[in-house]
Amino acid sequence: MMGFRGAYRYMADPDVFELEVAALLRVRQQYKNLWLMLPFVRTPQELLHVKRIMAASGLVRSPTFKLWLMVELPINVILLPEFIKVGIDGVSVGSNDLTMFILGTDRDNAEVASVFDERNPAVLWALEKVVKTCQKFKITASICGQAPSVYDDLVELLVSLGITSISVNPDAVGRVQEVIYETERKLTTGQRRFALTNHG
């Protein structure tokens, strides 16, 4: 889980990443609604390096091309303003990985899986920190992972904080829509523009 992956791999093997960028550019010749989200970016410097590789291949942020950062490492939460200053349009919290890294556990390992808890106070603190930071810098904040599909109270919290979008499993879409509707109805701070996506 903490190995050779994400942005560091793009930097170490730019030829492969450039092929992926070329494929993305080819698809975007016909479809302008395809954006890019970078996973496992350990430092703002890594983000900058990867952006330079993209730019050299002709892929840069524009009104029709958004660049998002996966927030799945504690450093992404702690230094989020620095990542934002490098230049991104939004973030998506990978709640599964972020929870495992914060709690030092592995949800797929039966010996320690019982420690995995997306509603641990430290994880909730991180989620609130991310959403509020994104609001401050006026970029979008999203979440993916299992948690929103399972815990209605977490969905209520996220909507109350002002998260932009939530990704859920197909079988949870109807129920989560109801939770979002009821939560937004109760809010007295005015209407929020909200998106629900399906990650199934």
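Predicted model: local features only at pLDDT ≥ 70, side-chain atom pairs only at ≥ 80, totals over all residues.

Residues are numbered from 1 along each chain as its sequence is written, and side-chain values use heavy atoms, with hydrogens and water left out.

**Exercise 1.** Find out how the rings of Tyr10 and Phe17 are arranged.

*Solution.* Start with the rule: rings of Phe, Tyr and Trp (its six-membered ring) pair if their centres lie within 6.5 Å; planes under 30 degrees apart count as stacked, over 60 as edge-to-face and the rest as tilted. The count by this rule is 3 aromatic pairs. For Tyr10 and Phe17, the ring centres are 4.2 Å apart and the planes meet at 10°, so this pair is stacked. Next, check burial (buried is under 20% relative accessible area, exposed over 50%, partly exposed in between, with a 1.4 Å probe and protein chains only). Tyr10 is buried at 16%, and Phe17 is buried at 3%.

**Exercise 2.** Work out which parts of the chain the pair of Phe40 and Phe101 ties together.

*Solution.* First the geometry: Phe40 and Phe101 form a tilted pair, 5.9 Å centre to centre with 55° between the planes. Then locate them, using helices (H or I, at least four residues) and strands (E, at least two) as DSSP runs numbered from the N terminus. Phe40 sits in the loop between strand 1 (36-38) and helix 3 (44-56) and Phe101 in helix 6 (residues 95-103), so the pair links parts 61 residues apart in sequence. Phe40 is buried at 2% relative accessible area, and Phe101 counts as buried at 17%.

**Exercise 3.** Describe how helix 3 and helix 5 are oriented to each other.

*Solution.* Take axes as lines fitted to C-alpha atoms, for helices over the stretch in contact, with angles from 0 to 180 degrees between N-to-C directions. Helix 3 and helix 5 (residues 80-87) pack at about 20°, their axes 9 Å apart. Under 35 degrees counts as roughly parallel, over 145 as roughly antiparallel, 65 to 115 as roughly perpendicular and the rest as oblique. Helix 3 and helix 5 are therefore roughly parallel.

**Exercise 4.** Is Lys138 buried or exposed?

*Solution.* Locate Lys138 in the loop between helix 7 (121-136) and strand 4 (140-144). Its phi is positive, about 60°, although Lys138 is not a glycine. With a relative accessible area of 75%, Lys138 is exposed.
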